Amino acid sequence: MLEEVERWLADRSWSAADRPLDQLLDLKRAAGTTVSVVLPALDEEATVGAIVEVVRRELIEGLPVPLVDELVVVDSGSADRTAEVAAKAGARVVHRDEILPRIPALPGKGEVLWRSLLATIGDIVCFVDADLRDFSASFVSGIVGPLLTDPEVQFVKAMYDRPLGAEFDGLAPGRTPGPGQGGRVTELVARPLLNLHWPQLAGFVQPLGGEYAVRRTLLERLPFPVGYGVELGLLVDALHTVGLDALAQVDVGVRLHRHQDGQALGRMAAAIYRTAQVRLSRGHLVRPELTQFERGPEGFVPRTYAVDTEERPPMLEVQEYGRRHVA
């Protein structure tokens, strides 16, 4: 590990408990900073309501000043009751297609995060995945904290244990979740890529985690891969834009969520590799597709999937965003 990264780990890695909520509220009130929490959601009716309720109950209501000023769920086309559940729990729900309708929406998480910048106004934007179980408010307060206490910090990622077990991934009943066994794409794809090509980022425990808080002034300058590669893309681009010392991570404990099957992970890995390849060379991938195999009645059947290759430009380059600032 680079000496620079060892120093960074000592100086820019914290625990959520390091910054008590009352301290954060005092600093937020004094600075007049606003915070937006965004949950990108697709068919998450089982979990999104509980997350919204925790944020509303512990970080908005009953406080001398709310830590969270707006709580937005961006629904990317759910077929279940995600939007209804989120709204009933107290979130403002916006459909992906209602944001920037001039540009037809593409499928993918990154697309939703990119569009959310036009649906929110906070100085700090905090992204939280909508499939988390046993959600703790420290997932939000922990990663927002450094942005309120240190003006040099611009991008904060959550770090946590990711157990892989029966109640979350459909394994045999009675099997005990194993600590550190989740995050398979991180360990097999993202971490090797970062260590080899961007060693300054080798200190991030969860580089692909979906929980991170960023100053709007940085987010609006970054391109957004539309699919699974968005987390790696934003992290790498933030490094090149503001430098390592502007990045940080906070330990928020344990992250419990629904796990993907092996083939979905393969598609995710391909998109992440593609995102890295674009940033390494800005070149053209001749065949941005991934073929996987599924067993059918007569043997293995090939299934070919397109790899996410589209990226959205920095939001500052979008006319509607510029007009909103002028207004």
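User: Leaving aside neighbours within four places in sequence, which residues is Val-230 in contact with?
Analyst: The model is predicted. Val-230 is found in helix H10, residues 230-242. Sequence neighbours within four places are set aside, and the contacts of Val-230 are then Gly-110, Leu-113, Phe-224 and Pro-225.

User: How far apart in space are Val-230 and Leu-113, C-alpha to C-alpha?
Analyst: The two residues are in contact. In sequence, 117 residues separate Val-230 from Leu-113; in space, C-alpha to C-alpha, the separation is 8.7 Å.

User: Is Val-230 buried or exposed?
Analyst: Buried means under 20% relative accessible area. Val-230 has 0% relative accessibility, so Val-230 counts as buried.

User: Where do the partners of the Asp-129 and Lys-109 salt bridge lie?
Analyst: Their side chains meet at 2.8 Å, N to O. The pair links distant parts of the chain, 20 residues apart. Asp-129 lies in the loop between strand E5 (124-127) and strand E6 (132-133), and Lys-109 in helix H5 (residues 109-119).

User: Is Asp-129 buried or partly exposed?
Analyst: The cut-off for buried is under 20% relative accessible area. Lys-109, at 23%, is partly exposed. Asp-129 has 13%, so Asp-129 is buried.

User: Which residues are linked with Lys-109 and Asp-129 in a network of salt bridges?
Analyst: A search of the whole structure finds 22 salt bridges. The network that holds Lys-109 and Asp-129 also links Glu-211, Glu-231 and Arg-255.

User: Which helix holds both Asp-26 and Arg-29?
Analyst: Their side chains form a salt bridge at 3.4 Å, N to O. The two residues are 3 apart, about one turn of the helix, and both lie in helix H2.

Definitions and conventions: Residues numbered from 1 in each chain as written. Predicted model: local features only at pLDDT ≥ 70, side-chain atom pairs only at ≥ 80, totals over all residues. Heavy atoms only, no water. Helix = DSSP H or I, 4+ residues; strand = E, 2+ residues; numbered from the N terminus. Buried < 20%, exposed > 50% of the residue type's maximum accessible area, 1.4 Å probe, protein only. Contact = heavy atoms within 4.5 Å. Salt bridge = Lys/Arg side-chain N within 4 Å of Asp/Glu carboxyl O.
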